[in-house]
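Have the viewer open as you read.

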Amino acid sequence: MTTEAMRASFEVWHSGNGNWPKSVEKDGNGNYRLAQAASAWHTFQAATAIERERAAKVCEEQARECLDGEAANSCECCADAIRNGETS
């Protein structure tokens, strides 16, 4: 997931599915007008990074448990993709 896609997901969530569009208004520099939105965006990014790392570690653990080299490589690729926010 790109940063733009992640921000779009955040804005849908933070604005209550678009019910409160002013909650995610930005200024001319692309910064949120409300400090609460800016803080929530930083928290959202941090939480996403933490969850990606947790999921990637699951893949790496699976790779260590795999006996087949090809399967282990696949698990490592999976972990990298999760950390990079890839969706497919």
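What follows covers confidence, the core, the aromatic rings and the salt bridges.

Residues are numbered from 1 along each chain as its sequence is written, and side-chain values use heavy atoms, with hydrogens and water left out.

The score itself, pLDDT, is the predictor's confidence in each residue, on a scale from 0 to 100. The protein averages 85, and 85% of the residues score at least 70. Helices here are DSSP runs (H or I, at least four residues), numbered from the N terminus. Where pLDDT is low, the predicted coordinates should not be read in detail.

**The core**

Which residues make up the largest nonpolar core? The seven are Met6, Phe10, Val24, Tyr32, Ala37, Ala40 and Trp41. To qualify, residues must be buried Ala, Val, Leu, Ile, Met, Phe, Trp, Tyr or Cys, joined through side-chain atoms within 4.5 Å. Buried means under 20% relative accessible area, exposed means over 50%, and partly exposed is what falls in between (1.4 Å probe, protein chains only). H1 and helix H2 (35-65) each supply at least two residues of this core, and H2 gives the most, with three. As a general point, nonpolar side chains in soluble globular proteins tend to be buried together.

Val24, one of the seven, touches Glu11, His14, Ser15 and Tyr32, not counting residues up to four places away in sequence. Contact here means heavy atoms within 4.5 Å.

**The aromatic rings**

Rings of Phe, Tyr and Trp (its six-membered ring) pair if their centres lie within 6.5 Å; planes under 30 degrees apart count as stacked, over 60 as edge-to-face and the rest as tilted. By that rule there are six aromatic pairs. Take Phe10 and Trp13: their ring centres are 5.9 Å apart and their planes sit at 45°, so this pair is tilted. Both belong to helix H1 (residues 3-14), where being three residues apart puts about one helical turn between them. Phe10 is buried, at 0% relative accessibility, whereas Trp13 is exposed at 56%.

Is Glu11 buried or exposed? This helix H1 residue counts as buried because its relative accessibility is 17%. Leaving aside neighbours within four places in sequence, Glu11 is in contact with Val24, Lys26 and Tyr32. Glu11 and Trp41 are 30 residues apart in sequence, yet their C-alpha atoms are 8.5 Å apart in space.

A salt bridge needs a side-chain nitrogen of Lys or Arg within 4 Å of a carboxyl oxygen of Asp or Glu. The count comes to five, including these:

| Pair | N to O distance |
|---|---|
| Lys26 and Glu11 | 2.8 Å |
| Lys22 and Glu25 | 3.9 Å |
| Arg54 and Glu51 | 2.6 Å |

Why does the Lys26 and Glu11 pair tie together parts that are 15 residues apart in sequence? Lys26 lies in the loop between H1 and H2 while Glu11 is in helix H1, so the bridge links those two parts. Lys26 is partly exposed, with a relative accessible area of 32%. In the second pair, Lys22 is exposed at 62% and Glu25 is partly exposed at 33%.

Arg54 and Glu51 both sit in helix H2, three residues apart, or about one turn of the helix. Arg54 is partly exposed, with a relative accessible area of 45%, and so is Glu51, at 40%. Elsewhere, salt bridges that share partners join Lys22, Glu25 and Arg33 into one network. In general, side chains of opposite charge can pair when their charged atoms come close.

Methods: Predicted model: local features only at pLDDT ≥ 70, side-chain atom pairs only at ≥ 80, totals over all residues.
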